[in-house]
Amino acid sequence: MKLLPEFVLTLTLAAAVLPGQVPAPTCGLPHIFPLPEGEAVTLRRTAHFTGDRTFKIRENYTSQTLIEVDFYHIHSGTDFDIFAEVGEVEAGRIDTTAAALGPFVSAFSERTFDGSINPDLGIKAIAEDVFGAPPDIDHNGKITILLIDVRDDYVPDVSESYVAGYFDPLDQGQQGNLADIIYLDTNPGSLSGPQGSIMLAALAHEYQHLIHYNRDRREELWVNEGLSELAPVLMGLPHRDFALFLDNTNVSLDSFDGELADYARTGLFFLYTWVQLGTGFIRDLIALTETGVTGFDSALALHSQPALDRFAFQWHLANFIQGAGIKGYGDAFSLPRPTMHEVVTTFPQADVGGNVARLGARWTLISQRRGLGLYLAASRSGERPTLTLLKSPDYTVLNAPFLYSAGFQANGVPIRRRQLMVMATASTAVSDSAGYTLYVAHLDDPMIPPAAGFFYPNPFNPQTALSPVTRLLTSPGQVVTLRLYDIRGHEVYRLGPRPAEDNAPLVWNGTLQNGQAAPSGVYFARVGVGAQVFTRKLVLIR
């Protein structure tokens with residue numbers, strides 16, 4: 001097992017966080033790969049030539065139209081060349097002097113920084129050691145770095161983000177430049193100043209993409225981007241603020257929509273993976289033709305590790321506990337703890353819980369001032385998540401296999417603690433999300449069966465959902481009513497009053513009281529169970 005040395009964790013992960021700046025640097029690859037089915041690539045040629053050579057670049061980073069752009073050849077090395085866009089040089093945004101270019105060249109080819117896993121090696125050598133060899137599509141043994149104004153519609157003082165760089169798969173064929181190219185932005189990116197280290201981080205990020213393409217061209221974005229986020233961390237370069245993810249851990253691990261929190265989530269997961277399993281695992285993962293969850297599970301099997309379900313569970317646990325014998329990131333590295341999704345301080349409560357994203361984690365803090373113990377029971381809606389209880393102050397895990405019960409009638413768990421954390425997680429077997437509701441009370445509170453108010457799925461689509469209804473679990477022996485209101489407060493549907501049967505759901509199939517289909521939008525369900533009344537927001541999508 002390969003572990004980061006303590007000084008690496010201290011310097012890299014404490015001092016090299018990307019500033020919480022606007023605009024924030026992002027990667028262009030999620031927007032340009034894969035090529036849309038049936039969409040042709042077109043080339044628009046320039047009328048004159050003013051530099052050392054031309055390259056084809058994207059007219060807009062999301063466009064399938066390429067334009068010819070003139071470049072100056074500003075550095076020639078043994079295994080890489082650097083070209084600068086003529087227009088950017090003339091605009092003063094690229095400094096081609098040795099003073100500006102020298103540190104950039106040195107970092108890529110010779111030496112990285114304090115906090116790197118090997119400061120005596122450059123970005124190129126470390127990336128190839130960890131991730132593998134680049135393609136060499138043009139058989140010249142060189143990487144080409146293009147410094148360009150990425151056409152990303154960036155507007156100074158207005159744009160909240162910009163594309164700091166990208167690898168373009170088109171360059172690995174005749175439609176592109178038939179070369180191993182990395183594109184780095186020079187507007188607002190820069191070779192020097194505070195932006196200089198960010199440009200180097202983007203270089204490390206995009207070089208991983210180039211290497212990855214050589215071994216696994218169809219890898220899912222959450223894996224590919226996560227490994228690229230790992231690259232600058234290993235080289236002592238600025239990395240994403242992981243708090244962007246820890247502020248909301250209830251997101252599917254294997255999703256990626258290009259948000260900053262997606263980069264933080266996948267980057268932190270693959271940092272944990274590297275610390276726990278080492279470089280050999282990363283190289284094996286990239287070499288597999290299987291992708292996504294399937295590929296990760298296969299790589300875990302090669303290394304005699306439990307499946308991703310268990311590995312992700314341990315990761316979420318490590319993000320919170322950070323010590324006490326839990327395998328994490330090393331003794332010298334501390335994360336901000338995940339933000340609680342809800343805090344319970346009054347009892348009894350029959351309205352605790354929610355949906356848990358696939359391979360995500362939902363956190364609840366239960367805190368009481370009284371010295372009495374707590375009583376917990378759980379009910380589920382749809383697919384069942386795993387509930388893990390952690391007691392304070394040592395955050396050890398409590399075994400509670402009988403926490404789930406039908407209607408909260410039996411098998412609850414008495415716990416004599418003033419404070420508990422509940423971590424709800426959902427496995428890869430969950431198609432989208434899993435739902436649960438907790439009942440929390442003091443041990444001396446009367447055990448009155450409460451209403452388990454939980455709609456599932458939510459949002460829902462009556463036309464496409466596997467179960468095209470929204471359900472409400474209720475407790476037997478109570479009288480139930482349901483009133484649905486639209487966003488303007490108009491009642492659109494009612495059901496009951498009627499007796500609640502054991503575990504029988506209330507069902508709304510997405511129709512109005514007159515039988516017509518309800519339009520897409522937000523609705524509010526007012527539910528009465530016996531003397532209890534509560535309201536839920538529903539989202540209907542057609």
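How much space lies in the largest cavity? I get about 150 Å³, and I keep in mind that this is a predicted model.

I counted the cavities next: there are four of 30 Å³ or more.

Then I went through the lining of the largest cavity, which has 16 residues. Ala 201, Ala 202, His 205, Glu 229 and Arg 240 lie nearest its centre. The elements giving two or more residues to this lining are β1 (24-27), β7 (161-166), α6 (194-215) and α7. Helix α6 has the largest share, with five residues. Sorted by class, I have nine nonpolar, four polar and three charged residues in the lining.

On to the second largest cavity, where I find about 50 Å³ of space. Its lining includes Phe 33, Phe 167, His 209, His 212 and Arg 217. Helix α6 again gives the largest share here, three residues. The classes come out as five nonpolar, three polar and two charged.

Next entry: helix α10, residues 292-302. I list Gly 292, Val 293, Gly 295, Phe 296, Ser 298, Ala 299 and Leu 300 as its buried residues. Their cover includes α7 (221-234), α9 (260-287) and α11 (308-321). Just after α10, I noted Ser 304 with a positive phi of about 55°.

Last entry: Lys 124, in helix α5 (residues 123-131). Is Lys 124 buried or exposed? I have it down as buried, because its relative accessible area is 11%, under the 20% cut-off. Leaving aside neighbours within four places in sequence, I see Lys 124 in contact with Asp 79, Phe 108, Ile 143 and Tyr 207.

How values were computed
Residues numbered from 1 in each chain as written. Predicted model: local features only at pLDDT ≥ 70, side-chain atom pairs only at ≥ 80, totals over all residues. Heavy atoms only, no water. Buried < 20%, exposed > 50% of the residue type's maximum accessible area, 1.4 Å probe, protein only. Helix = DSSP H or I, 4+ residues; strand = E, 2+ residues; numbered from the N terminus. Contact = heavy atoms within 4.5 Å. 1 Å grid on protein atoms, 1.4 Å probe; cavity = no way out; pocket = protein on both sides within 12 Å on 5 of 7 lines; lining within 4 Å. Points joined across faces, edges and corners; volume = space filled by probe spheres on them. Nonpolar A, V, L, I, M, F, W, Y, C, P; charged D, E, K, R; others polar.
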